Amino acid sequence: MKWGIFCLFERFNVNANQAIENQLKLIELADAMRFDEIWVGEHHFNDFSICPSPTLLLAYVAARTKYARLGCAGFLAPFYDAIRLAEEVATLDHLTKGRMNLGFAKGAFAPDSKHFNVTVENLRPMMFECVDAVTQLLHVNENPVGFKGEYINFAEVDIEPKPFQTAIPTYIATFASDETIAFAAQKGFGLMLSQGVDLDECERVSHAYETIAGFKPQIVLLRTFYVAPSIEEAVYKARPAIDHFAKSMRAASSFHKSPHFNKTHYEKLIVERNTFFDGQKFFDCGIIGDAKTCIEKIKAIQARLSHVTITLKPLGVDLLENVSLLRTFNEKVRPYCEVTKELV
């Protein structure tokens, strides 16, 4: 099992500059604590989660960290030029000396689709094409490659530099969509599962993937996190950050662009958005409680999922609170999850 942190550069009562700096300081602490992976998000037109340019953020994070692998969870693939994204990822892989992970997501916010001129119904197929194109470009060995798809077309492209790593570990974000699970399994990519996907669904996803791929997936599992001396205190202190996050994401998604009507697709979309913006699911699936409860929840994940990076999203509303959460995790939770050490 590996440990990661999920970074959305959230601003609670601070300006954007301070929100970014606070997140970077927490990243430095996680790196010093030898967390295995650091994942940054990508949000646009969002005044709460300040991370519209993950490649820029990752380049700066690369300069301020030494150990952890770095990735975007995930690049909103439909909004990128595949060639430019492949070039930037390859360059980042050199800046990090081969510490890059690669994550893709399709995006879900209405303003993104409007301002980047993408039809909502096309987000998933556009993501699939972008993933195929970028991974093909990153693995050019001798001859230039071409790509001919419905949304992406290029011919005889040979990006430079080539990635530092022979193969960059690649993950696809999903809210347990069967179509996306099948895509990732057929390509051998890992999966990134949202904070709102419960353990039963995670297990179903893992089995579905294994049925197609013949092996279990590498999973990056996002989980909200709060540890306190008592369960009651943890619940009380975790609630504001989750509620405010859910409200902020609903607000960011309230600017609608008229979609083409497709009842089946629309029903799936609503289910996905309800999962993503449902603060109660983030709470129920979270690792929230006293140290003993947090350890039990983590061991429950370990018992049901293999090859998993538990990626924590600390639920403090300021830097000091999040630093305290990570330090408590490192001292009172993590040691009892990594070995058979028992709580006294």
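1. In this predicted model, helix α1 gives the most to the lining of the largest pocket, supplying four residues. The other elements that each supply at least two residues of that lining include β1 (2–7), β12 (308–314) and α12, and the points below take the pocket and then the pairing of α1 with α12.

2. The largest pocket holds about 280 Å³ of space and is lined by 19 residues. Those lying nearest its centre are Glu 10, Phe 12, Gln 23, Gly 316 and Asn 322. Sorted by class, the lining has twelve nonpolar residues, together with four polar and three charged ones.

3. Helix α1 (residues 16–32) and helix α12 (residues 319–338) have axes that come within 10 Å and cross at roughly 15°. Angles under 35 degrees count as roughly parallel, and α1 and α12 are therefore roughly parallel to each other. The crossing of these two helices is right-handed.

4. On the α1 side of this contact are Asn 22, Lys 25, Leu 26, Leu 29 and Ala 30, and they meet Leu 319, Asn 322, Val 323, Leu 326 and Arg 327 in α12. The residues of the contact divide into six nonpolar, two polar and two charged.

Note on methods. Residues numbered from 1 in each chain as written. Predicted model: local features only at pLDDT ≥ 70, side-chain atom pairs only at ≥ 80, totals over all residues. Heavy atoms only, no water. Axes fitted to C-alpha atoms, helices over the stretch in contact; angles between N-to-C directions. Parallel < 35°, antiparallel > 145°, perpendicular 65-115°, else oblique. Left-handed = near helix turned anticlockwise from the far one by under 90°. Contact = heavy atoms within 4.5 Å. Nonpolar A, V, L, I, M, F, W, Y, C, P; charged D, E, K, R; others polar. 1 Å grid on protein atoms, 1.4 Å probe; cavity = no way out; pocket = protein on both sides within 12 Å on 5 of 7 lines; lining within 4 Å. Points joined across faces, edges and corners; volume = space filled by probe spheres on them.
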